[in-house]
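Visitor: Could you walk me through this model, sheets and helices alike?
Guide: Gladly; let us look at it together.

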Amino acid sequence: MRAHHLFPAVLLLAGCGTDVAGPAASLFSCLLAEPVQLDVGEVVQVAGAANRGLCLEAGGAAAEFVYIPFHGDAKDAGPLRIEVSGAGVDAVDGPPSPSPVRPEPPLAVTLRGTPPRPPVLLDLEFHRRLRERERRELEPRLRTGATGSPAGDPDRFPAVRTTAVPEVGDLASYNVAISCDRSDDRTGRVEYVSDRAVVVADVANPAGLTEADYRHFGETFDTLVDPVAVRHFGQPTDIDENGRSIIFFTRAVNELAGTVVGAVTAGFFWSGDLFPEEATPRAEACPGGNQAEMFYMLTADPQGEVGPAYSVEFIREATIPVIGHEYQHLINASRRLWVNNASEFEEPWLNEGLSHVAEELLFYARSGLAPGANLGYDALAGTPSAVDAFNQFMGGNFTNYARYLGRPDTASLMGIDALPTRGATWNFLRYAADRSGRPDDEFFLQLVNGRTAGLENLGETLGADPLAWMRDWTVSVYADDAVPVDAAYRQASWNFRDLYPNSSVGRFPLRVIPLAAGDVETLLLQPGGAGFPRFGIGGADKAVLHVEAGGGAPPAALRGSFLRTR
Amino acid sequence: MRGARASRAGLVAAALLAGVLPVAAQEECAATGSAGVALSGAALRSDLAGGDAAEGIELGVEGRLAGGGFTLSAGLQHATFDGAAARPLSGRLRITRPVARLLGVTFCAAGLMGGASVAAGEDEAWTVAGGLAVVGARQVPTGGFVLVPYVGVRGLGARSTGNILGQDFAATGAALGVEAGVGLARERIAGALRFSADGLDPGLGPMPYPSLALRLVAGWRL
């Protein structure tokens with residue numbers, strides 16, 4: 001090194017030093033800095049190293065806080081391990097979160113006073129592999145430079161197979177292999193034809209569903225599912241020019257049981273059915289697809305001939321929400337493929353979240369209630385048919401969200417397809433739609449019709465950093481209906497603090513961590529995950545938290561919120 | 001050539017162990033049998049754990065006594081940070097000796113020692129710090145004044161103990177620091193403007209060597 005290079009090098013080194021590890025590093029913030037006083041409901045948000053060393057002052061009255069570290073990073077980033085400790089803190093366990101324990105909530109949430117529903121464990125492993133296969137096998141078949149139809153003109157879809165409107169009794173063959181290359185043909189008989197649906201039953205199905213059931217499904221599709229979905233997500237394509245979507249009840253779905261022991265696939269949609277049999281300027285061929293807007297539904301099997309037994313009553317109860325769920329997938333994929341000329345399908349976490357929004361929208365349509373009304377138990381119990389509609393259409397969402405609330409750190413709204421992921425994503429999308437101030441049919445229409453996917457699509461719809469909104473949402477998860485907070489931290493549509501205690505869950509199931517002086521709590525935060533350490537301020541009237549990641553300062557992706565709760 | 005490299009390597013080694021004297025180095029190193037007193041005022045910045053910093057001011061007194069080739073100087077400072085109740089008291093002790101002269105620049109070696117204490121209510125903390133420094137300074141006569149620009153580096157170690165918010169703690173750290181400034185003297189009047197940056201961890205608390213300091217000194221040479 002030349003001599004004249006020495007001094008700059010020394011200057012660069014100056015200021016470098018060893019780091020003090022452990023809680024002591026943050027203590028001096030309460031001696032040398034002006035303490036922060038928050039009013040009840042007030043929030044301070046920090047990022048990176050600033051997650052530690054914020055000196056909070058009680059201000060003369062007993063004060064309680066919750067610290068919400070949120071791992072705001074892309075979903076592919078690894079988990080972030082942090083250690084949280086505090087000085088001057090007291091553990092608190094009173095209201096609004098009386099129980100830090102976390103027994104698993106039931107698999108079928110129902111409102112108080114209604115009979116329990118049979119628990120259903122959805123086979124999300126199959127669903128996850130299906131969505132991943134779509135992105136892996138079908139996205140490469142998209143030709144991004146070509147247009148399928150003029151964007152924004154829903155009446156001009158390309159017909160990849162022209163078929164006449166079927167009639168009851170017609171037979172048709174469908175490949176259920178979920179593959180562009182393999183075949184597993186099943187014969188279906190048209191059981192009912194409505195204005196917007198063709199209800200088909202596999203001729204090899206076990207006896208169970210009746211003509212009246214098929215009519216009910218077709219008519220409900222016309223009067224409930226299709227109007228709600230089209231209004232909020234857009235018109236599906238009509239590549240087979242029959243003007244309808246095919247609802248295929250087939251034992252092939254029942255045969256999927258066994259992927260996870262005890263789990264059920266209630267139905268599915270596969271984007272390969274929307275690809276042409278021969279290549280077009282827009283898409284390469286997928287010969288194994290059925291070239292039709294269709295989804296596959298679980299059928300009744302009271303005797304368990306195919307697999308686990310499913311009663312007719314169970315299928316009657318479960319089918320309509322599932323059709324609504326799968327119809328969003330169908331609309332989303334068909335419009336990306338043939339209308340919006342997107343280069344990719346939606347990411348699974350957001351795609352599933354939107355399908356759970358579809359279920360919620362069906363609840364509103366069926367009950368006559370509306371989003372934004374902060375629905376609690378009394379509002380539902382006082383509205384004819386609302387309780388039944390809740391149990392049918394919202395039970396799944398409340399089940400999934402309860403699962404998320406039980407493990408908000410290791411679960412994530414951007415995680416792999418799992419019940420907690422779905423619950424969190426649905427809840428976030430509802431929060432975001434409400435916070436945006438835009439009508440649902442405008443907000444979700446834009447989101448479903450994005451040409452990008454995942455966080456990028458979400459950011460374009462929000463017009464804001466989606467991770468910042470997710471951080472605010474984590475505050476709302478705790479604060480809504482428990483602490484008087486700004487609108488950005490509220491969930492305007494549902495009063496979860498009232499509904500969960502009045503449901504088969506019996507309590508608000510958010511997992512909180514009572515933080516006492518001397519405790520070191522370790523959290524493993526998935527991208528999108530959050531924790532809820534909760535504490536009061538002890539006799540010193542001041543408290544400070546210390547947060548470390550890997551023995552050092554937390555990275556910028558750790559976005560924390562301090563909320564005064566009492 | 002090899003000898004030149006070796007001397008440069010020695011200089012590098014000395015520099016890495018060194019720090020800057022807080023008053024004009026050549027004045028101290030060269031002056032024998034002299035003494036002085038001064039008042040100091042400084043703007044401080046002390047880093048905190050969260051990446052934020054406490055900012056404040058410091059007032060102090062300094063004294064210097066030289067003899068036998070050594071200069072002993074000591075200072076006592078009282079700091080006030082914006083919005084904070086605690087007002088740290090810190091002291092510094094330094095002994096220096098010139099060790100080399102090269103191209104008109106005098107190099108001095110120094111031993112540094114300091115301490116600080118802070119208390120507010122039931123919270124209290126103490127810090128001791130020490131290290132080695134080297135400074136290079138050059139005397140530049142200008143009119144009736146003597147200007148002494150200087151710069152140097154120091155290596156510091158520190159340990160803090162105490163009890164804050166009911167929590168006992170003890171923490172240790174080490175860091176490099178740098179100080180640069182200019183001394184000014186005319187007859188019996190002396191002054192200096194000093195800037196220093198030290199990297200001791202914010203978890204060590206109030207320091208005789210804060211994260212950043214801009215210090216103005218004015219006094220008499222006896």
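**Sheets and helices of chain A**

Guide: An open sheet of five strands in chain A has mixed pairing and the order 1-3-18-5-16. Strands pair if DSSP finds at least two bridges between them; helices (H or I, at least four residues) and strands (E, at least two) are DSSP runs numbered from the N terminus. This is a predicted model, where local features need pLDDT of at least 70, side-chain atom pairs count only at pLDDT 80 or more, and totals for chains, interfaces and linings use all residues. Residues are numbered from 1 along each chain as its sequence is written, chains are lettered from A and ligands numbered from 1 in the order written, and side-chain values use heavy atoms, leaving out hydrogens and water.

Visitor: What is the bridge partner of A:Leu56 in strand 18 of chain A?
Guide: Strand 3 (residues 55-57) and strand 18 (residues 542-549) of chain A run antiparallel, joined by three bridges. The partner of A:Leu56 in strand 18 of chain A is A:Ala543.

Visitor: Where around helix 12 of chain A do its buried residues lie?
Guide: In helix 12 (residues 440-448) of chain A, A:Asp440, A:Phe443, A:Phe444, A:Leu447 and A:Val448 are buried, meaning under 20% relative accessible area (1.4 Å probe, protein chains only). They cover an arc of only 125 degrees around the axis, taken from the directions from the helix axis to the C-beta atoms. That puts them on the same side of helix 12 of chain A.

Visitor: At what angle do the axes of helix 5 and helix 7 of chain A cross?
Guide: The axes are lines fitted to C-alpha atoms, for helices over the stretch in contact (heavy atoms within 4.5 Å), with angles from 0 to 180 degrees between N-to-C directions. For helix 5 and helix 7 of chain A, the axes come within 10 Å and cross at roughly 35 degrees.

Visitor: Why is one side of strand 8 and of strand 13 of chain A left without a neighbour in the sheet?
Guide: Six strands of chain A form another open sheet, with mixed pairing and the order 8-9-10-11-14-13. Strand 8 (171-175) and strand 13 (267-268) of chain A stand at its edges, so each has a single partner strand.

Visitor: Which residue stands opposite A:Gly267 in strand 14 of chain A?
Guide: Strand 13 and strand 14 (residues 294-297) of chain A pair in the antiparallel sense over two bridges. Opposite A:Gly267 stands A:Met297.

Notes. Buried < 20%, exposed > 50% of the residue type's maximum accessible area, 1.4 Å probe, protein only.
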